[in-house]
Amino acid sequence: MPERSESDSRKLLRRLRDVLGAQSKGQERLDRITHLIADSMQTEVCSIYLFRDPETLELCATEGLKPEAVHQTRMKLGEGLVGRVARTNTPVNTADAPGEKGFRYMPETGEELFSSFLGVPIQRVGEKLGVLVVQSKTARQYSDDEIYALEVVAMVLAEMTELGAFTSDEDGMRALHRQPVMFRGSTGQEGAAEGNVWLHEPRVVVTNPVADDPLTEIDRIREAVGKLRVSVDDLLSAASLDKEQKQVLEAYRMFANSRGWLRRMEEDIHSGLSAEAAVEKEQSAARARLEQVPDAYLRDRLHDLDDLSNRLLRILTGQGADTGAEMPENPVLVARNIGPAELLDYGRKLRGVVLEEGSVGSHAAIVARALAIPLVIHARKITTEALNGDHILVDGDQGIAHLRPEETVARAFRDKIAMQAEAQKRYASLRALPATTLCGTTVSLQMNAGLMADLPSLENSGADGVGLFRTELQFLVRNKMPQRAELAALYARVIDAARGRRVAFRTLDIGSDKVLPYMKPNDEPNPAMGWRAIRVGLDKPGVLRMQMQALIRASGERPLTVMFPFVSEFSEFQQARSHVLREMHRERLLGHPVPARLDIGAMLETPSLAYAPKAFFDLADFVSIGGNDLKQFFFAADRENERVRRRYDMLNLTFLDFLQGIIARCAASGTPLSFCGEDAGRPIEALALVALGLRSLSMRPASIGPVKALLRRVNIAQARAVIDDARRRGDESARPALMDWLATQGT
Ligand code: PEP
Ligand code: MG
C-alpha cells in the first residue's frame, strides 16, 4: 500500500461534510463541492457528472470548465472518457486525455486546455450514480494516493446522491428512486397485480458517510466484524447443512476472517469514512469486479462477499429484516431470490413477487404457482432500484415489472386487470358446467396440486379431481424429513378436501432440480437425466415405503390412487408396484383398514415408456403423460434453460404424432390416459390434446376456466381435421392452422 496523506484526505472529507450539512440548494452544494475538491487536490478542474436518466450523464457542476456548459453537456453511457468510467465502473487515469482512445471533444466546455484526466465512478453498491473528474493542464498521471482520495470522496458523494442531497424537483435531474423504471424479466407465474414494494431484505441506508473520530469507527468495525464471525460460525455449526450450503458458509468464514478485507476497511476509515461507508466502499469495489469476471466460481465468491457485506452493514446500523417497518397494503415481494419455505410464510398476503434470479422450475416458482401469485423472475437489479412502499405493477404474463409507473401505464394496466377479472367472472359462471364440446364430447378437467395452499382451489376451480398431487413439495418446504404420521395427517386432509373426487398422488419426485434441503445432494453432471424420481425410490425404498404407509393410512377404506414419476421401463413399474402391494399387505396384517380400491399408474415422461411392452399397458391401471419432462426429452431441450425451453412447440406435428402413438397403445389395452404437464392448461394445446383423443387433462387450477371456455365452443372432429390437414400439408406445427380456424369460430 502506498503511503497516504491521511490527514489531508480527512480534512477534505470534513470540509465536504460541512458543505453537505449546510442548508443550501442542491446546485449550490454541488458548486461548492467541486470548488472544494479542486482546491484541496490542487487541480485546475473538478467536475461532477450525474445520471439524468439511466443512459445519459449530465455535467452538473464544475470548477474550471466553462460554466455555461453546466446542464448543457451530456453524454451517453460509454461515450467519451467520462462515459467509459461510468460504463466500466472503474477509474480512468491519463496524462494525455485528448490522445486517449474514445476521447470526445466537447468544445462548449473548453476542456481541450487540460491534458491530464482522472475520473472515478460515483457508485453505490453496484448502482451507477455518476462520475467525478479532476483535470489539469500539466501532463501527468495522477498518483495512487490521489486516485484513492478521489474514490473516497466519490463514495461520500454517492451516499449523499442516494439521500437526494443534489436534486430538487425543479432541475429535472434524476431524483433517485423516484423515476419510473421498467424491468423486463421472464414469466414465473402468469397473472397481473398492482401493489407496493416489500423488500425481502431492505436496503441499508447510510446517513453518516463521514466520521470525525477514526478510532471510534475502527472499534465499531472491529466489533461488528467480530459479531459477524460469530454469527457465521453459528450458522456453520448447524447440523442440517448440505454440501453446497457448507461451501458457501466456508467462503463466508474465509472472507469474515480475511485480514485484507478488514485492513482495507480500516484504511478507508483512516481516510475519513465512517465504518458503514467503508463497508460500502469495499462492497462497491467487489460489485464492480463482479460485473467483470467471466469465471462463474469467482463470481459466486464475489456474491458471497456481497452478502457478507450486507450482513455487516446490518450489524453496524441495526437495520435489518426486523426493522419494525410495516408491510404496506397490497404487498409485492421484491427479492434477489427466495426459498420456498420463506415464500410460503408470506403466503397469500402477497399480491405479486418479483425476483432478480429464480427459474421457472424453482421451488419458489412452484410455490408462487400454488398460491396463484403473479411472479416475474430475472428482473435484473430491481433490488437496487426499489424502495419499500414503492408503487409497482407486476405483469406475470409478459414477465415485466413496472416500478413507480407513470399514471398512463398504471391506467392501462388497471384496464388489463379489470379485463382479467371480467374473464374470471365468466369462467366462474362455467364452474358447475361440464367441459363438453359442441359435438358432445366431455373432457375431465382436473387440477395439479402439491401444497395445502392448493386445497381451496378444489372447490373454486370446478376441478373434477386432482390429476397430479406433487408430494415432493411437502418435503421441499421443510428443513427436515417429515414423519409418517405427519404425512398421513396431511394426505388425509387432502383426501377429505377432495370430497370423494379422485386424487392421484404421485410418489416422491426428487433429484434433478428438486433437491431436499436435508438430503445429501449428489454431484451429477446432468441431474435431469440422473438419479431422480422412481430411480431413487427403487434404490432406497425406505422413503417410498414410508410414503405408501402414510397414504394407505390417510385413505382408510377410501379409494387410493398412486402413480410413479419418471418410469422409463416396465420392470421399474413392476418393482415399484410390488412395494405398494407389499405395504398394503403389511397394513392389512397389522389390522389397519386398507383402501377398498387401489389404482396404481405410471407417469409417461420418457420416450422409452411409449415403446414399453404391451404387458406394461395391461398392468398399469392408468397412464399419465408428464408433458413437461416428455417434451424436454423428446426435443432434447432442457425445460429449465431459458435459451431453449421455448424453442420447440408442443404443437409440432412430430410431437403430436408421437402422442398419438401413446394414445393408440393405451386404447389398445383399455388403459385410461391423462395428460398433466403445463401444456394441458394452455387452451390451444388442450384443444389439440382433446382432438388427438385425450379425455382427461390435469392443469393449474387457474387454467381450468380458460380451457373449459374454449372446449365448450368447438367441435372436436373439426379441430381434428384441421390438425390432419396441417400434417398432410407438411406444416411443422399445427398452431397456425388451429389459430386460423379458431378465429373463424364464434365466441
Ligand atoms: C411433467 O413432467 O410434465 C410433470 C407433470 O411433472 P413435473 O413437472 O413435476 O416434473
Ligand atoms: Mg415430470
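This is a predicted model: local features need pLDDT of at least 70, side-chain atom pairs count only at pLDDT 80 or more; totals for chains, interfaces and linings use all residues.
Local features are reported for residues with pLDDT of at least 70, side-chain atom pairs count only at pLDDT 80 or more, and totals for chains, interfaces and linings use all residues. Residues are numbered from 1 along each chain as its sequence is written, chains are lettered from A and ligands numbered from 1 in the order in which they are written, and side-chain values use heavy atoms, with hydrogens and water left out.

We may begin with ligand 1. Around this ligand stand 14 residues, of which Arg 470, Arg 506, Glu 605, Asn 628 and Arg 639 come nearest (a residue is near a molecule if one of its heavy atoms lies within 4 Å of it). By class, the shell is made up of seven charged, four polar and three nonpolar residues; here Asp, Glu, Lys and Arg count as charged, Ala, Val, Leu, Ile, Met, Phe, Trp, Tyr, Cys and Pro as nonpolar, and the others, Gly among them, as polar. Strand S17 (466-470) and helix H22 (627-634) each supply at least two residues of this shell, and the largest share, three residues, comes from H22. Helices (H or I, at least four residues) and strands (E, at least two) are DSSP runs, numbered from the N terminus.

A polar backbone atom of Asn 628 is 2.7 Å from a ligand oxygen, a polar side-chain atom of Arg 470 lies 2.8 Å from one, and for a backbone N or O atom of Gly 626 the distance is 3.3 Å. On its own, ligand 1 has 290 Å² of accessible area, and the protein covers 99% of it (Shrake-Rupley method with a 1.4 Å probe).

Ligand 2 is a magnesium ion, coordinated by Glu 605 (OE) and Asp 629 (OD) at 2.0 to 2.1 Å. Donors are N, O and S atoms within 2.8 Å of the metal (3.2 Å for Na, K and Ca), and sites may look incomplete because water is not among the atoms. The two residues are 24 residues apart in the chain: Glu 605 sits in the loop between strand S20 (598-604) and helix H20 (607-610), while Asp 629 belongs to helix H22. Glu 605 is buried at 3% relative accessibility, and Asp 629 is buried at 2% (buried means under 20% relative accessible area, exposed over 50%, partly exposed in between, with a 1.4 Å probe and protein chains only).

The structure holds 53 salt bridges (a side-chain nitrogen of Lys or Arg within 4 Å of a carboxyl oxygen of Asp or Glu). One of them pairs Arg 14 with Asp 212, with the closest N and O atoms 3.3 Å apart. This pair links helix H1 (residues 6-21) to the loop between strand S9 (192-199) and helix H5 (214-236), spanning 198 residues. Arg 14 is partly exposed at 34%, as is Asp 212 at 42%.

Another salt bridge joins Arg 74 and Glu 58, at 2.8 Å between the closest N and O atoms. Arg 74 lies in strand S3 (residues 74-76) and Glu 58 in strand S2 (residues 56-63), so the bridge ties together parts 16 residues apart in sequence. Arg 74 is partly exposed at 36%, whereas Glu 58 is buried at 1%. Finally, salt bridges with shared partners join Glu 472, Arg 506, Asp 509, Arg 532, Asp 629 and Arg 639 into one network.

Terms used
A polar contact is a pair of N or O atoms within 3.5 Å; within protein, one must be able to donate a hydrogen and the other to accept it, and residues adjacent in sequence count only if both atoms are side-chain atoms.
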